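Hi everyone, thanks for coming. Please have a look at the structure on the screen, and I'll walk you through it.

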Amino acid sequence: MASIRFISSRIIQAGSRSKETDRIDLTPWDLKHLLVGYLQAGLLFHKPKLPEALIHHLQTSLSRTLDFFPPLAGRLATIEHEDKTTSFFIDCNNAGALFVHATAQNVNISDLVEPVYVPETVDAFFQLDGVKNIEGTSKPLLAVQVTELVDGIFITCSANHSVVDGASFWHFFNSWSEISRGFDYLSRPPIFKRPLIDDIHYPIRIPLQKEHIQERFFQPGNLKVRVFNFRKESIVRIKRKANAEMNTDKISSLQALLSLFWQSIMRNRRMDPNQETMIFLVIGVRQKLQQLPEEYFGNAIHSAEVSLKAGELVEKGLGNAAWEINQVVANHREENFINFVKWWVNSPLLFQTGPMMNNALLTGNSPRFDIYGNDFGWGRPIAMSHGAESKCDGLVTVSPGVEEGDIEIKVCLSPKTIQAMENDEDFIAALNI
């Protein structure tokens, strides 16, 4: 791993504390992430021509951006109740975000973008590894690290996952880049108002077991991470094939691509044909719940499971798996999300870190996020990456590509599985459809 030298670390506060947003209650979508880690993502840029004042500029623009995003400058706060339950909310107290300046003096852009597998060096460009979201009572809810390379700049954010989901994470990143370019106001101001659902009263009370809070993070062991880039033309062909196999036009590009990886990974894990396999989807609620606008700031995601026996998954073709995914997504409507929230309040269930089952895949991110539009004033990013918190065996992360219409799919797998995929004639043929 390359040597990283840390130059400075400071707390950045909002320039003016918002009087309108003092406290934000956490919803079930927020609370269920309390025992897992922060969201981590960052962007790689060419180095600006005049980098001397860059750090000061980024700190100043971050402070100005926090004026519009007071939750990210705050801390989590708790209320202990007599019935031994706890309520959580965001105290927008302007305690500040962490800003770290570092250098990787021997690392070039080519060292990060040319290798087949994502280098472990990238993990050192992120803050707050191993910190659970529940620790946001004392840890910053946002930590930025700006790392200078020989010929580039890596800007990363680690954000508390009980405060933001992927959509809100990139909403903040987009807004920061706007302010950095000289905008006085945001093109899409965030909306903090929580959804009003019958019989749901804030603050929500949940029971917490101390052993779960104190439990150490699961260490995933030796894993390889590789990014597969799909050009727009290839995506169209893969989608067309999936739809043709099922005599429909309803299967989306994303559903077809996820099916391709679900099939290949399970085939190369040598699953028993009768064993049930699963892919866990992340469904965005903003698109399906009328009272949630696109600018809603917080978590608005729902997990859904699609399952097929390994034999059926592999033998019945791309279209069959894609259709199963399509039907699960289509059947999740507004009433499903509302019913989930009501059920969760009565039976709280928190996600926890641990090893993924060998017969399961977990998906994350979205090709809808505006990732490569983040121009801080010296050009668009040339690559995106996630931190160590995003590593688990079986994670499939989907992002937009550098060019409009392209899609990047990053897989995190055991070396044995990923090398088998690379030699899988069916998978390679599908990539070249």
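Let's begin at aspartate 426, which sits in helix α12. Before I go on, please keep in mind that this is a predicted model. Is aspartate 426 buried or exposed? Its relative accessibility is 52%, and the cut-off for exposed is over 50%, so aspartate 426 counts as exposed. Aspartate 426 and leucine 260 are 166 residues apart in sequence, yet from C-alpha to C-alpha the distance in space is 9.9 Å.

Let me step back to the whole chain for a moment. How many helices and strands does the chain have? There are 12 helices and 16 strands. The radius of gyration is 22 Å, close to the 22 Å that the globule rule gives for 433 residues, so the chain is as compact as a globular protein of that length. If you'd like a box to picture, the C-alpha atoms fill one of roughly 60 × 55 × 40 Å along the principal axes.

What about the inside and the outside? Of the 433 residues, 55% are buried. The chain exposes about 19,500 Å², and 48% of that comes from carbon and sulfur atoms. Taking the contacts with a separation of 6 or more, 79% are between residues 24 or more positions apart. As for charge, there are 43 positive and 50 negative side chains, and the centres of these two sets lie 1 Å apart.

On to the aromatic rings. A pair of rings is described by two things, the distance of the centres and the angle of the planes. The count here comes to 19 aromatic pairs. Take phenylalanine 169 and tryptophan 170: the ring centres are 5.2 Å apart and the planes meet at 70°, so this pair is edge-to-face. Both partners are buried: phenylalanine 169 has a relative accessible area of 5%, and tryptophan 170 has 2%.

A second pair takes us back to where we started. Phenylalanine 261 and phenylalanine 427 are also edge-to-face, at 5.4 Å centre to centre with 75° between the planes.

I'll finish with some backbone details in the loops. Where is there a cis peptide bond? One joins tyrosine 202 and proline 203, with omega at about -5°. Proline 203 lies in the loop between α4 (166-180) and β9 (206-207).

Then there is asparagine 94, whose phi is near 60°, a positive value in a residue other than glycine. You'll find asparagine 94 in the loop between β5 (85-91) and β6 (97-103). With 12% relative accessibility, asparagine 94 counts as buried.

Leucine 128 is not a glycine either, and has a positive phi of about 65°. Look for leucine 128 in the loop between α3 (109-113) and β7 (142-148). Leucine 128 has a relative accessible area of 12%, and the cut-off for buried is under 20%, so leucine 128 is buried.

Conventions. Residues numbered from 1 in each chain as written. Predicted model: local features only at pLDDT ≥ 70, side-chain atom pairs only at ≥ 80, totals over all residues. Heavy atoms only, no water. Helix = DSSP H or I, 4+ residues; strand = E, 2+ residues; numbered from the N terminus. Rg over C-alpha atoms; globule rule 2.2 N^0.38 Å. Buried < 20%, exposed > 50% of the residue type's maximum accessible area, 1.4 Å probe, protein only. Contact = heavy atoms within 4.5 Å. Areas by Shrake-Rupley, 256 points an atom, 1.4 Å probe, with all protein chains shown as cover. Lys, Arg positive; Asp, Glu negative; His and termini not counted. Charge placed at Lys NZ, Arg CZ, Asp CG, Glu CD. Phe/Tyr/Trp six-rings, centres within 6.5 Å; stacked < 30°, edge-to-face > 60°.
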